[in-house]
Amino acid sequence: GSLGSSELADTAIKSGKINFYPEYTGVIVLDIAKKKTSPKTAAATYAAAKKFEETRGLTLLKPTPFYDTDTFTMLKSTAQKDGVKTIGDMKKVKSFSYAGYPECQTRITCLLGLKDIYGLKQAKFVPLSSISVYTLLDNGTATAGDGFSTDPQQLTGKYTILTDTKHIFGFQNVAPVVSQKVLSAAGPSFTKAVNAVSAKLTLPAMQAMNKAVAIDKKTPAAVASAFLKANGLK
């Protein structure tokens, strides 16, 4: 899911208030660097993101194997009723509501892309607060919503993801953004430790940890501790 407000974190790291934060590579390229088109591969996205950050006194450490892209998510029953399989198919739906975090409304990788690239001007935005997008889909408050590929709910078979044929969601592996000054001062042991953690963050690992928190109601701290211990990182 969302790593928090990218815009706030970006402002904080540029101002020196924080020195390190994890970010989606596609978000860096498309939403922060404001590139008009998405690179064609995950590796090219990472390279473009790193190049951009290095113009600002920052850099990226190694990316995670897992990716967490936005997904155009609907109840499977709704998609079947409307006869839609791709995001472009929504053009034939006269009006629909789309739920997402507030920042979704102004991102090309979210609602803005749906409207400007897919031409879905009829979409009415429903901002999320404390209620999950899946609850809004279940109770009919939203026709569709901005899910994420690591959400455990997407493994239930109850929901379907419409195919993003225009690739507005891009490639969204996670990479730590870090100040070059801090990286230099911390030395190679810091880089080695962070890269070792990132290397173990596979898609199955993230889905399992998200399930442990969202569905099994374990605390994030307990889940993170168990992950580090299981992988010999603690």
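Guide: Let's start with helix α9, residues 203-214, and helix α10, residues 220-230: their axes come within 9 Å and cross at roughly 150°. Axes here are lines fitted to C-alpha atoms, for helices over the stretch in contact, with angles running from 0 to 180 degrees between N-to-C directions. Helices are DSSP runs (H or I, at least four residues), strands are too (E, at least two), and both are numbered from the N terminus. So α9 and α10 are roughly antiparallel to each other, a label for angles over 145 degrees.

Who does the touching? On α9 the contact is made by Met 209, Ala 212 and Val 213, and on α10 by Pro 220, Val 223 and Phe 227; contact means heavy atoms within 4.5 Å. By class that's six nonpolar residues, no polar and no charged ones.

By the way, this is a predicted model: local features need pLDDT of at least 70, side-chain atom pairs count only at pLDDT 80 or more, and totals for chains, interfaces and linings use all residues. Residues are numbered from 1 along each chain as its sequence is written, and side-chain values use heavy atoms, leaving out hydrogens and water.

Now the loops. Most residues other than glycine have a negative phi. Lys 34, though not a glycine, has a positive phi of about 65°, and sits in the loop between α2 (25-32) and α3 (42-54). His 167 has a positive phi too, about 55°, in the loop between β7 (159-162) and β8 (174-179). Lys 34 counts as exposed at 56% relative accessibility, and His 167 is exposed at 55% (exposed is over 50% relative accessible area, buried under 20%, partly exposed in between, with a 1.4 Å probe and protein chains only).

Definitions and conventions:
Angles under 35 degrees count as roughly parallel, over 145 as roughly antiparallel, 65 to 115 as roughly perpendicular and the rest as oblique. Ala, Val, Leu, Ile, Met, Phe, Trp, Tyr, Cys and Pro count as nonpolar, Asp, Glu, Lys and Arg as charged, and the others, Gly among them, as polar.
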